[in-house]
Amino acid sequence: MTLQYSLLDEPLIRARLVDGGQPVQYSLPGLFVALAHDEVRDFPALRPHQRHPWHAFLVQLAAMALHHAEQAQPFETEQEWKDALLELTPEHPDGEAWCLIAPYDKPAFMQAPVPGGKVDDWKSVKDKTTIATPDELDMLITSKNHDLKVARMRRGELDDWVMALISLQTQEGSMGSGKFGISRMNSGYGSRPGVGIVSKQRFGKRWRRDVSKLLVERENIVEIMGLKDQGGIGLVWLKPWDGSDSLSFGALDPFYIEICRRIRLRLSRNSVISAIGTGSQAQRIAAKERNGITGDPWTPIDIAEKKALTISAKGFNYQLAADLFCGKYSKPIAQEIFVTDGTNDLEILAQGVARGGGKTGGYHERRIPISSAVRKMLIQNQTDVLARVAEYRVKMIDEMSSVLQASITMLFDNGKPQEGRSTPKGLKQKVDVFIKQFEQAEDSRFFDELNAEVGSVEPDKIRLQWLLSMAERAEAVLKNAFIAGPQSGEQRYRVQSVALSKFHGDLRSPESVFQTLKNIYNRLN
């Protein structure tokens, strides 16, 4: 088997330029030069759930190469980048570690060497179940095959395989016997989230920012995580792997790029790429006890629980997003805001795939705007006011949701009081449709209105206006639910009246947390 498809020498990576969207193709060194000059708009092969793994790979690899070469700034030429990348693989000077296809006893890109080069006993070889398409190789698995259809890329390009390998090897979790997940997540059913500061600029600017931050923080990562500053394993796919052994976490470089599966690409006689794979007896990196705390530059850490953030099927909803702002999670390197980030168009970008039980809860992405007032608080590390406002708003939305839920439940249950009664499953599901509608609407405006209060000279007035408008929106949802409630004549109007009375009564009750609203309503009456 000869070396095929070198990322160092061949323009395998498709991209589009900022200037007019012109299609271009790059080698890996050529791409780094283009990113340094902020010339790249996007990548046609990149699927949504691959965005963070691709960004993380490019940042970690560039930072590793620059540190090894004792450089603080990106190289200017392709040849310099190529030389720096080859310096990371000194035992493989021919560049096989950067080729998609290489002899099995040698490393190939994101593919560990097979000791002895024999794959006849690999499961997919014995079962004759080769992986024919890049998306079939990729990590995204769903119980009903509805998130993304698999095995559809019958004419996959070479960079489709590149993206699939990076996605699988750097964000996959456990998938049953012999299929272990990565080290950079909390448990095999966790997530590898990506949370960082971005501006409404292009891919290259964000890449350059994060590379710079990693180089600055390298010593801190080494010290805090117990990793190796010199001589650590950076490209995990270089090490031979028979599936029985694990690498020590302490032996790794702080910018390490891992792999979690035994996979090899191969080329048929008619030049068609496919993949073969087999299981392992151990996780590639022995880090289970770390709960995903690995120094990953984009992973928030739950301070109380001492574990990496895991995304649920709810994604980055307002509750989780507020927690990321307000101190429940320690900020990863990429989420720290600096004066050099500028003042305009800053956002927190949160990305990740929810996983669990052999399926996914989908890909989630959210952009959280950062106002000038919030930016100042974050830079000065004075977030107490921000945390207090966010926590109050989360609590009020949750309480309003509970009031609305009780009213709609009474509506759908023919006006019967619900105290002391359990809600039947079918009734609850019917009610939840409308509660979800309310919460999604509040979610969509949460941070715009939070920014408005924090930046106002009259925050109490802004908060009161928000409470009143939220109560009006909740009542509108209740009235929309009338359509699904009882429809027969006299009963219809009686039940609707009872539900409305329940809603307003709960807002005004002595036990209500909405004392401000209660006082206003009493004055109006």
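Analyst: Helix α8 covers residues 318-325 and is mostly covered, with six of its eight residues buried. Buried means a relative accessible area under 20%; exposed means over 50%, and partly exposed lies in between, using a 1.4 Å probe and protein chains only. The buried residues of α8 are Y318, L320, A321, A322, L324 and F325. The helix itself is a DSSP run: helices are H or I runs of at least four residues, strands are E runs of at least two, and both are numbered from the N terminus. After α8 comes G327, with a positive phi near 105 degrees.

A word on the source. This is a predicted model, in which local features need pLDDT of at least 70 and side-chain atom pairs count only at pLDDT 80 or more, while totals for chains, interfaces and linings use all residues. Residues are numbered from 1 along each chain as its sequence is written, and side-chain values use heavy atoms, with hydrogens and water left out.

Now step back to the whole chain. It has 14 helices and 17 strands. Its C-alpha trace spans about 85 × 55 × 45 Å along the principal axes. Of its 525 residues, 53% are buried. Contact means heavy atoms within 4.5 Å. Among contacts with a separation of 6 or more, 70% join residues 24 or more positions apart.

L517 sits in helix α14 (residues 515-524). L517 counts as buried because its relative accessibility is 0%. Leaving out residues up to four places away in sequence, L517 touches M400, L467, L468 and A471. Q496 belongs to helix α13 (residues 489-508). At 12% relative accessibility, Q496 is buried too. Beyond residues up to four places away in sequence, Q496 touches L411 and F482.

Next come the charges. Side chains of opposite charge can pair when their charged atoms come close. A salt bridge here is a side-chain nitrogen of Lys or Arg within 4 Å of a carboxyl oxygen of Asp or Glu. The structure holds 27 of these salt bridges. One of them joins the side chains of D9 and K82, at 2.6 Å from N to O. This pair links distant parts of the chain: D9 is in the loop between β1 (4-6) and β2 (13-17), K82 is in helix α3, and they are 73 residues apart. K82 is partly exposed because its relative accessible area is 22%.

D138 and R47 form another salt bridge, 3.9 Å from N to O. D138 is in the loop between α5 (134-137) and α6 (158-171), and R47 is in the loop between β4 (40-42) and α2 (51-68), so this pair also links distant parts of the chain, 91 residues apart. Both D138 and R47 are buried.

E172 pairs with R355 in a salt bridge, with the closest N and O atoms 3.3 Å apart. Again distant parts are linked: E172 is in the loop between α6 and β6 (194-199), R355 is in strand β16 (residues 346-356), and 183 residues separate them. E172 and R355 are both buried. Elsewhere, salt bridges with shared partners join R393, E453, D460 and R463 into one network.

E76, E80, D83 and E87 form a negative surface patch. Patch residues have over 30% relative accessible area and no salt bridge; like charges are joined within 9 Å, and nonpolar side chains (Val, Leu, Ile, Met, Phe, Trp, Tyr) within 5 Å. D83 lies in helix α3 (residues 78-87). With 40% relative accessibility, D83 is partly exposed.

Last, backbone angles. Most residues other than glycine have a negative phi, and most peptide bonds are trans. E70 is not a glycine, yet its phi is positive, about 60 degrees. E70 lies in the loop between α2 and α3. E70 counts as exposed because its relative accessibility is 73%. N291, also a residue other than glycine, has a positive phi near 55 degrees. N291 is in the loop between β12 (285-286) and β13 (301-302). Its relative accessible area is 29%, so N291 is partly exposed.

Notes. Areas by Shrake-Rupley, 256 points an atom, 1.4 Å probe, with all protein chains shown as cover. Lys, Arg positive; Asp, Glu negative; His and termini not counted. Charge placed at Lys NZ, Arg CZ, Asp CG, Glu CD.
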